[in-house]
Every structure is written in C-alpha cells, then in structure tokens.
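Q: Please take a close look at the aromatic rings in this model. How do they pair, and what packs around them?

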Amino acid sequence: QPAPRALLNSLGSLVAPFGHALVTTVLLPLTKNAKLCGAAQCDILRWIVRDMLSASLCLQIFRGFLETSQQDTWSEEQVGILQIILDSKIVIDESCAAQFVACIKQRAPNQASDKKFSKMILTALQKHSVQFSHLAADFTLIASCNKTFLKKALQAAIKRL
C-alpha cells in the first residue's frame, strides 16, 4: 500500500474512536495556525473533514477556529477548510452565525481580491441562508468590499436572504 494511502487509512481509523480528541489536539491547531499547515497537511485535513468527520465534529472545528482566529487575513488553506466545513451538513446556531459574520467582516477589506474567500462567503449564503437571514445588512457591507468577479453573485445571494 502506498505511503499516502496508508497515512489516510490510519488517520481515518482514529476518527471513529477518538474523533473529539483528534479534533482538539490535531485538527484544530493545524486549522488555526497557517504556519503549521502546509499544502500536504491541508490536503489531508480537507480529506478528513470532508470524508471522515461527523457534522458535530465539523461544527466543533468551525467554532474553535472562529473563537481563536486572531489573524488579519486567513490563508488560502484555512479558507479552503472553512469552505469544506460550510459545504457539509453542519447546523449553525445564531451565535456561531454572528461570530462568523464578525470574523469575515473584519477580514473583508484585507481579502477583497481573494476569490476563495469570496467563494466561501457565497457558499455560506447559499447553504445556510436561513441561519444568516437576520445578518443581511452585515453581508451587504462585506459584499461592498469585494473586488472579485463574484461580487454580483454575492449581492444576488444577499437579496435572496
């Protein structure tokens, strides 16, 4: 068996019995610190989040990331992981939705030209419109900072809220 496949299989076997511990000790620190998470680590992390974790564990990563994120911008890898989490079947409560909007509102001016950041916001609006409907005014401010080709799609998604 090739080494990458063996690594993925061994990590996958740890998710079921030790999911919470794996999230708190390995996955969340990797997600929060862009310097720790290179391209290879992020590929593995994205695979685990997309294919192995339950919705509750994905939500745990999402919340933990938002609570401790101090950076002015998120790396492309971090945005990719958040995108996968938002694409999953997580149920975002009102406080988590408000925290997410506050985080992206803070970073929107610095990441105005970042297509992945814009795509992540668009995914949030499309997949979780019910949870974000009361925050339409904040999303309007976020979209006004956007300088990508997705700006019109963001504005249209906000109108549908």
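A: Phe62, Phe100, Phe132 and Phe139 are joined into a cluster by ring pairs. Two rings of Phe, Tyr or Trp (its six-membered ring) count as a pair if their centres lie within 6.5 Å; such a pair is stacked with planes under 30 degrees apart, edge-to-face over 60, and tilted for the rest. The model is predicted, so local features need pLDDT of at least 70 and side-chain atom pairs pLDDT 80 or more, while totals for chains, interfaces and linings use all residues. Numbering starts from 1 along each chain as its sequence is written, and side-chain values use heavy atoms, without hydrogens and water.

There are five aromatic pairs in the structure. One of them, Phe62 with Phe100, is tilted, with 5.5 Å between centres and 40° between planes. It links distant parts of the chain, 38 residues apart: Phe62 lies in helix H3 (residues 55–68) and Phe100 in helix H5 (residues 94–107). Helices here are DSSP runs of H or I with at least four residues, strands are runs of E with at least two, and both are numbered from the N terminus. Phe62 and Phe100 are both buried, where buried means under 20% relative accessible area, exposed over 50%, and partly exposed in between (1.4 Å probe, protein chains only).

H5, which carries Phe100, can be followed along its length. Its 14 residues should span 20 Å at 1.5 Å a residue, and the end C-alpha atoms are 20 Å apart, in agreement; the expected span is 1.5 Å times one less than the number of residues. Besides Phe100, the buried residues of H5 are Cys96, Ala97, Val101, Cys103, Ile104 and Arg107. These cover an arc of only 160° around the axis, which places them on the same side of H5; the arc is taken from the directions between the helix axis and the C-beta atoms. Exposed Glu94 and Ser95 sit on the face turned away from that buried side. The buried residues of H5 pack against H3, H4, H6, helix H7 (129–132) and H8.

A contact is a pair of heavy atoms within 4.5 Å. Val79, Leu82, Gln83 and Leu86 are buried residues of H4, a helix in which nine of 12 residues are buried. The cover over the buried residues of H4 includes H1, H2, H3, H5 and H6.

Buried residues make up 45% of its 161 residues. Of the contacts with a separation of 6 or more, 77% join residues 24 or more positions apart.
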